[in-house]
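Here are some notes to read alongside the model. Please keep the structure open as you go through the points.

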Amino acid sequence: MPGATCSASPPPCACPRRCSPAARRVSAWCSPGGRPRTALELHGAGVSARLDLPEGQGEAVLALPAPRRGEQPLPRLRLETRWPLGLVRALAWLQSDERLLVYPRPLAEDEPEHRHAGAGLEATDFAGLRRAEPGDSPARLAWKQWSRTGVLAAKAFSLPPRQQLWLDYDACRGDPERRLSLLCARVLAHHRAGDRYGLRLPGVTLSQGEGPHQRRVALEALARFSPSGDRGGGVMRPGMAGRGGEAVLADGQALSGAMLRQLFLGQCLVLALHLAWMPAWLAALAALVAGYRHLQLRRRLPRAGVVLRLAGVGALTGGLWLHYGTLGQMEAMIGLLLGVYLLKLLETHDRRDGRVVVAIGFVATTVAFLHDQGIPMAAGGLLVLAWLVHSLVWLSGGDARRAWRESAWLLLLSAPLMVLLFAVFPRLGPLWNLPQADRASTGLTDEIAPGDIAQLSRSDARAFRARFEGAEPTPAERYWRVYTLSDFDGERWRRTTPERLAATLGRPLEEFVAEGRRSPWLDGAPRFEVELLLEPDSRPWRPSLGAPLATEEPLRFLADGTLEGTSPLASRSLLRMSSTGQAPANPDPAGPAWHAMLPAEGNPRTRELAERLWRESGAEPRAFLAAIMARFGEAPFRYTLSPPRLTSADRVDEFLFESRAGYCTHYASAMAVMARSVGLPARVVAGFLGGERHPDGHFTIRDYDAHAWIEVWLDGAWQRLDPTAAIAPERIEEGPQAVDDGREAFLADAPFSPLRMREVGWVNRLRLDWERLEYRWQRGVIGYQREARNALMARVTARLHALWDRLVALAPGRGWLGGLLGLLMAAAAAAGLAALLRLAWRRQREAHDEALRIARLQAWLGRRGLGVRPGESPSAHLRRVAEAAGDAGPALRDCAHHLERLRYAPLGRSERRERRRQLARREREVRRRLRRLPRRRRGGAQAGGVAS
């Protein structure tokens with residue numbers, strides 16, 4: 001409500017008997033050029049009043065409760081409006097240094113003789129002659145004087161002398177408050193009678209006088225009188241009356257220490273959302289800024305100047321540059337936003353600056369969801385949101401306790417709208433992308449060496465989650481393919497990207513990768529339908545159970561049977577796909593020779609062993625591979641989570657002939673080298689094996705589930721071979737936690753992981769319940785995208801159709817009961833339609849006939865004991881009822897005024913239309929404010945009585 005100005009002052013008291021001493025007239029007007037304000041409401045101390053500014057200005061009388069007489073501080077008033085939709089409430093707080101003066105309550109007493117001493121007197125005493133003037137009554141002319149002297153004169157008359165009274169405090173009986181109440185009643189009575197009177201109070205004397213000014217000064221003296229305090233002394237002159245001060249909007253007033261503390265705590269809450277991903281020294285920056293402002297409030301330090309603030313921004317920028325090495329990444333940008341948010345407190349001195357701090361806090365809270373979107377972050381964001389809304393309401397001028405109530409009301413009011421927009425509003429893609437730092441949800445990489453994957457068994461980080469629609473794979477079938485590694489340099493296996501492969505072989509890129517929703521290299525019916533909930537990752541990999549067949553969103557299908565996204569994952573994302581569950585059957589476009597290459601030198605003993613086994617198997621590939629598997633299953637080979645480190649140049653030789661202890665990468669690498677040594681195309685596949693199945697049916701795959709195996713080209717298709725199954729079958733069935741050798745390495749990097757307490761029943765149940773709740777949150781709330789919205793709308797529509805079909809099945813065509821029910825439904829529909837038409841016709845008539853509207857309002861008032869008296873006009877009726885209608889009084893008087901203007905004033909078409917709209921609004925306000933009045937019973941009070 002910018003541009004609106006308000007002031008408070010006591011209203012003129014036209015009817016002293018009913019004057020509310022605690023009433024205040026609040027006037028408001030718009031700034032020059034400002035738009036009119038409509039449907040403003042003024043609230044304070046439990047009472048309210050309507051305030052309209054149709055022509056740029058208006059006023060309302062607010063009767064504030066007065067528990068005691070004397071000077072009292074004017075309470076903070078709240079100016080608000082819900083115009084035009086009623087969904088959003090705009091509010092501002094009005095506060096003033098004015099003191100509210102409350103008069104004593106008049107005490108009823110028997111009618112004294114002097115009460116009407118001056119009432120009803122006429123000018124009948126002869127006072128002499130004066131020169132006659134045109135217009136004098138012939139009866140007042142002195143005809144005898146004219147006959148004697150010839151001069152026409154007129155008789156002059158005068159009133160008898162009025163009583164001059166003293167109202168004395170000591171002449172009254174009772175306690176001090178009763179005496180003051182009696183004196184207040186006598187002041188009002190003598191004022192109505194037109195008497196001259198004076199007032200004597202202990203220590204205060206008010207000289208005699210008459211008229212409204214004398215009454216006001218006397219009542220103020222009674223209000224300020226203190227029976228036991230310092231009474232001052234001397235004579236109180238008329239004119240010693242206080243004036244109401246200007247009440248301005250809350251903007252422009254300096255912030256208190258409590259408000260600065262509120263803003264600082266809000267900054268701490270916002271920073272807590274980010275601190276797990278941001279530099280820890282930002283907390284020290286917040287404490288430093290708060291300490292400076294604390295010392296400044298105690299006048300030990302001056303205000304932060306431009307030089308100090310620029311130095312703070314420079315230090316912040318330098319610190320972020322040193323921490324991240326650049327300012328172009330998303331994390332550095334977020335850190336810069338948080339730092340500026342914290343430094344803003346140095347130059348926050350008034351309420352406008354405080355609102356800017358709160359606004360930046362809202363932005364920083366929203367940005368926190370770029371880090372994480374889990375339940376803890378959502379709960380923390382809701383807490384911060386409530387705190388910031390409370391700060392914003394408090395900055396509007398209310399006290400802290402009332403601001404909490406207003407904040408709760410605002411949040412509750414916005415919750416249904418938020419849910420509706422979440423469920424119905426379509427999701428929009430990002431308008432731009434921010435550069436992000438390399439972030440991996442798992443330690444699995446596209447190049448491995450013997451022992452690398454063993455390090456992942458030390459971590460419980462979550463890689464992704466999966467839910468199957470239909471058949472679920474057995475533990476031995478849960479091979480999640482991520483990378484195929486075909487490039488071996490004697491020590492490490494590396495993945496060759498399609499772009500590099502096409503460039504190396506001189507072939508078109510389209511032979512190695514295709515973008516779409518279905519793989520062009522594989523056909524057939526899918527075996528598994530799965531929904532994946534992927535963690536954020538700066539790499540574009542996508543896991544698949546076996547070879548992928550189709551997905552619901554466009555992806556990059558690679559000829560080696562793996563998937564890639566078109567962009568990295570900035571947040572958790574859902575992916576639905578179908579797959580074969582087996583190794584791909586299509587030949588790799590790179591050809592068999594590419595997958596049979598080995599370095600010219602290296603690992604001679606491994607090559608010799610492979611050639612010997614090949615000869616012993618009769619050059620039969622399957623027998624050769626079976627011989628390798630059998631060799632791995634014999635002692636002294638062992639499967640361990642803590643394999644010894646290999647240091648020689650021929651690491652496969654060192655593993656096979658010296659250490660003979662390793663993890664999955666050791667055995668997969670050795671078997672692939674041996675297969676290639678005899679000319680069999682082979683490649684290492686890196687991915688995951690297994691996953692924890694939850695009671696609700698979804699699987700969680702973690703870092704320690706990372707695994708490596710090989711695929712060999714046999715009989716025109718790739719065949720999966722896992723050497724781990726020969727030496728450690730428990731790893732295949734139960735996971736790495738079932739491996740005894742090197743158990744101390746399992747979850748070594750997660751000492752506080754709840755997975756360490758799987759054997760404790762209640763702890764494990766709590767963990768599973770929390771993970772189930774978190775999965776449902778991610779899948780149902782965070783993963784609520786266009787497909788989910790369409791599915792929800794389809795389910796709602798289907799249920800409505802089912803309900804309608806059920807009703808139809810019960811109604812027509814089902815015998816006499818169905819016919820009767822159908823007839824009743826038709827009659828109800830016809831009656832409803834008739835009621836709507838009648839209401840529309842009535843409103844149309846009332847919109848063009850103000851007399852009809854007022855007549856119906858009078859009838860409505862009559863049913864509540866406020867009927868029309870004989871011979872009373874509509875305007876007089878409304879004004880009479882307004883005197884006893886309380887909060888509805890101003891609206892009733894406005895109705896009477898608008899009616900008279902519409903009936904008798906020459907108005908233009910636009911002005912008449914505006915008057916009718918205002919009359920309709922005020923009439924609705926009267927009905928709303930007097931709705932609680934009981935209806936008059938038949939035979940009850942006479943028309944014109946006031947309901948109490």
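1. Start with a term. A salt bridge here is a side-chain nitrogen of Lys or Arg within 4 Å of a carboxyl oxygen of Asp or Glu. The model is predicted. A search of the whole structure finds 50 salt bridges.

2. Take R492 and E447. Their side chains meet in a salt bridge, with N to O at 3.1 Å. R492 sits in the loop between β20 (487–488) and β21 (493–494), while E447 belongs to strand β17 (residues 447–448), so the pair ties together parts that are 45 residues apart in sequence. R492 counts as partly exposed, at 23% relative accessibility. E447 is also partly exposed, at 28%.

3. Now look at D696 and R467. They form a salt bridge, and the closest N and O atoms are 3.6 Å apart. D696 is in the loop between β32 (692–693) and β33 (699–702), and R467 is in strand β18 (residues 462–468), so this pair ties together parts that are 229 residues apart in sequence. Is D696 buried or exposed? At 18% relative accessibility, D696 counts as buried, because buried means under 20%.

4. Some salt bridges share partners. In this way D372, R462, R465, E535, R572 and E774 are joined into one network. Find these six names in the view and trace the links.

5. A salt bridge can also sit inside one helix. E220 pairs with R224, with the closest N and O atoms 3.5 Å apart. Both lie in helix α3 (residues 212–224). They are 4 residues apart, about one turn of the helix. E220 is buried, with a relative accessible area of 5%. R224 is partly exposed, with 37%.

6. What does a buried charge do without a salt bridge? Consider R542, in strand β24 (residues 541–542). R542 is buried yet has no salt bridge. The nearest side chain of opposite charge is E553, 5.5 Å away. That distance does not count, because a salt bridge has to be within 4 Å. Backbone oxygens are on hand, though. The backbone oxygen of P540 lies 3.0 Å from a polar atom of the R542 side chain. The R542 side chain also reaches the backbone oxygen of S567, at 3.1 Å.

7. Next, check the backbone angles. Most residues other than glycine have a negative phi. R660 has a positive phi, near 55°, and is not a glycine. R660 is found in the loop between α14 (651–659) and β30 (661–662). At 26% relative accessibility, R660 is partly exposed.

8. Which other residue deserves a look for its positive phi? D715 has a phi of about 55° and is not a glycine. D715 lies in the loop between β34 (706–714) and β35 (717–721). D715 is exposed, with a relative accessible area of 66%.

9. The largest cavity has a volume of about 160 Å³. Its lining is made up of 16 residues. T484, T496, L501, D560 and D588 lie nearest the centre of this cavity. By class, the lining has 8 nonpolar, 5 polar and 3 charged residues.

Definitions and conventions. Residues numbered from 1 in each chain as written. Predicted model: local features only at pLDDT ≥ 70, side-chain atom pairs only at ≥ 80, totals over all residues. Heavy atoms only, no water. Helix = DSSP H or I, 4+ residues; strand = E, 2+ residues; numbered from the N terminus. Buried < 20%, exposed > 50% of the residue type's maximum accessible area, 1.4 Å probe, protein only. 1 Å grid on protein atoms, 1.4 Å probe; cavity = no way out; pocket = protein on both sides within 12 Å on 5 of 7 lines; lining within 4 Å. Points joined across faces, edges and corners; volume = space filled by probe spheres on them. Nonpolar A, V, L, I, M, F, W, Y, C, P; charged D, E, K, R; others polar. Lys, Arg positive; Asp, Glu negative; His and termini not counted. Polar contact = N/O pair within 3.5 Å; in protein donor to acceptor, adjacent residues only side chain to side chain.
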